[in-house]
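This report describes a protein model together with its ligand. Please consult the sequence and the structure shown below while reading.

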Amino acid sequence: MDQPLRVGVAGLGTVGASVVRILSRRENALGRAGRGVRLVAVSSRTRNRDRGIDIERCAWFDDPVALARSSELDCFVELIGGSDGVAKAAVEAALESGKHVVTANKALLAAHGLDLARLAEKNGVALAFEASAAGGIPIVKTLREALAGNEITRVSGILNGTCNYILSRMEHEGLSFEDCLADAQRLGYAEADPTFDVGGFDTAHKLSILASLAFGTEIDADAIYVEGISSITPLDLKMADDLGFRIKLLGVAERNKSGIEQRVHPTMVPKDSAIAQVMGVTNAVTIDADAVGEITLVGPGAGGDATASAVVADIADVARGRFGAPFGLPIARLEKMKRAPMQRHEGGYYVRLSVLDRPGAAAAIATRLAQADISLESIVQRRAEGPVHDDPEQRSLRAVPVVLTTYATSETAIRAALDKVSADGHITEPPQLIRIERE
Ligand code: HSE
């Protein structure tokens with residue numbers, strides 16, 4: 001019988017503590033499936049904290065890099081987080097000293113995934129990262145292994161539980177953005193720095209990993225167009241509802257004629273679409289592939305136990321000796337990402353303008369759009385709040401919301417038209433622009 005795989009865990013936050021708990025609960029089952037797994041050492045910032053886990057029998061390391069180098073380990077589990085600093089140093093130390101690495105660190109992979117995969121390849125060890133994208137959903141395995149017989153054309157979805165939780169609660173309970181974010185932090189969904197979540201960067205990190213796996217390309221997070229959700233107002237959510245849409249933060253990577261388009265932004269999706277039904281902290285990833293068609297995986301995208309479930313699956317794979325090239329192909333065979341510029345993106349748009357309530361303003365806006373060959377699908381003007389002024393002078397000082405949706409046009413055309421609308425002086429705030437996805 002093989003000796004158990006000796007595991008060291010660095011980072012005992014929400015996910016780390018759950019990993020320790022699950023390893024202990026599943027010890028026998030993991031052993032029955034082949035080589036057993038034994039947690040032998042841990043490292044974290046504070047030693048004397050009650051985490052509700054039993055680490056009495058484990059060696060304690062103050063320094064995660066020392067843990068990563070320890071000859072007492074076969075597999076180093078990195079749950080520290082952050083794209084650089086100690087997480088990167090520890091993962092490099094583990095790989096260089098011939099240890100398998102399991103990590104949930106999407107920021108690290110987005111920034112250095114290619115170099116780390118090269119290091120793993122050179123040392124003949126695993127670099128496993130199922131937990132880095134979409135929490136508990138086994139999306140990495142699905143793309144890398146289960147769909148090997150397919151050419152993948154598009155990967156898209158809701159990849160950040162915090163944003164989906166915030167948008168869902170703002171929509172249903174009319175709560176403020178700040179209150180919803182505070183709750184997400186309290187529940188352990190948000191990143192240490194929540195601007196990663198609400199700014200769209202966490203989604204972008206995950207998307208960069210999925211795009212590399214889907215298209216066999218070198219990871220290129222810098223090529224991703226990113227917009228977050230902090231500009232979404234209750235009025236946008238209400239207008240979306242009136243127009244038959246919901247607003248979701250989507251990550252989309254797709255092959256088109258100019259290359260691979262990677263983008264993260266709030267998106268209007270039809271209320272009756274499958275993606276619109278995904279609420280709260282749940283994530284969903286849809287893959288379009290030539291042989292199998294369309295597949296959607298839905299599940300918990302954040303939270304300790306859900307993410308730890310993916311970490312433990314990777315540890316079990318390492319124990320059974322089941323690992324290959326981290327991104328599915330040897331490094332030398334990954335293609336360079338050919339970036340499709342966002343300006344060439346084509347689709348429908350929702351535009352909300354704050355328009356001065358005076359004759360000809362709406363007509364001037366419609367004219368600017370018509371001049372850019374943009375066809376309007378709908379246009380709604382809301383009456384001003386408060387009493388109606390009889391005096392046109394008084395009225396013309398107030399701004400009223402005008403919301404329009406367009407048929408498919410290009411990013412360049414809509415941006416240029418809105419620049420002209422702004423220059424015409426009829427609007428009082430920068431336009432709100434939200435892309436529409438109808439599929
Ligand atoms: N902050 C992340 C989220 C956690 O909200 O989805 C999982 O990566």
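## A residue of strand 16

Leaving aside neighbours within four places in sequence, T409 is in contact (heavy atoms within 4.5 Å) with H345, E346, G347, Y349, I374 and I414. T409 lies in strand 16, residues 409-410; helices (H or I, at least four residues) and strands (E, at least two) are DSSP runs numbered from the N terminus. T409 is buried because its relative accessible area is 9%, where buried means under 20%, exposed over 50% and partly exposed in between (1.4 Å probe, protein chains only).

## Basis of the model

The model is predicted: local features need pLDDT of at least 70, side-chain atom pairs count only at pLDDT 80 or more, and totals for chains, interfaces and linings use all residues. Residues are numbered from 1 along each chain as its sequence is written, and side-chain values use heavy atoms, with hydrogens and water left out.

## Domains

The domain assignment of the protein gives domain 1 (5-132), domain 2 (148-300) and domain 3 (345-436); such bounds come from an automatic or database domain assignment. The centres of domain 2 and domain 3, taken over C-alpha atoms, are separated by 27 Å. Between these two domains, 19 residues of domain 2 are in contact with 15 residues of domain 3.

## Nonpolar cores

A nonpolar core is a set of buried Ala, Val, Leu, Ile, Met, Phe, Trp, Tyr and Cys residues joined through side-chain atoms within 4.5 Å. The largest one has 78 residues, of which F76, I139, L143, I152, I166 and I229 touch the most other members. Helix 10 (residues 201-215) supplies the largest share of this core, eight residues. A second, separate core of 33 residues includes V20, V42, V312 and A316.

Apart from residues within four places in sequence, I166 is in contact with F177, C180, L181, V198 and I229. L249 is placed in strand 9 (residues 245-256) and counts as buried because its relative accessibility is 3%.

V91 belongs to helix 4 (residues 85-96) and counts as buried because its relative accessibility is 0%. Not counting residues up to four places away in sequence, V91 touches F76, E78, V101, L108 and L116. The C-alpha atoms of V91 and S24, 67 residues apart along the chain, are separated by 24 Å.

S70 is found in the loop between helix 3 (64-69) and strand 4 (75-78). At 10% relative accessibility, this serine is also classed as buried. S70 touches F61 and K99 when residues up to four places away in sequence are not counted.

## The ligand site

Which residues surround the ligand? They are K106, N160, G161, T162, Y189, A190, E191, D197, D202, K206, G301 and A302, each with a heavy atom within 4 Å of the ligand.

A polar side-chain atom of T162 is 2.6 Å from a ligand oxygen atom, and a polar backbone atom of G161 is 2.7 Å from an oxygen atom of the ligand. For N160, a polar side-chain atom lies 3.5 Å from an oxygen atom of the ligand. On its own the ligand has 260 Å² of accessible area, and the protein covers 93% of this; the areas come from the Shrake-Rupley method with a 1.4 Å probe.

Technical notes: Polar contact = N/O pair within 3.5 Å; in protein donor to acceptor, adjacent residues only side chain to side chain.
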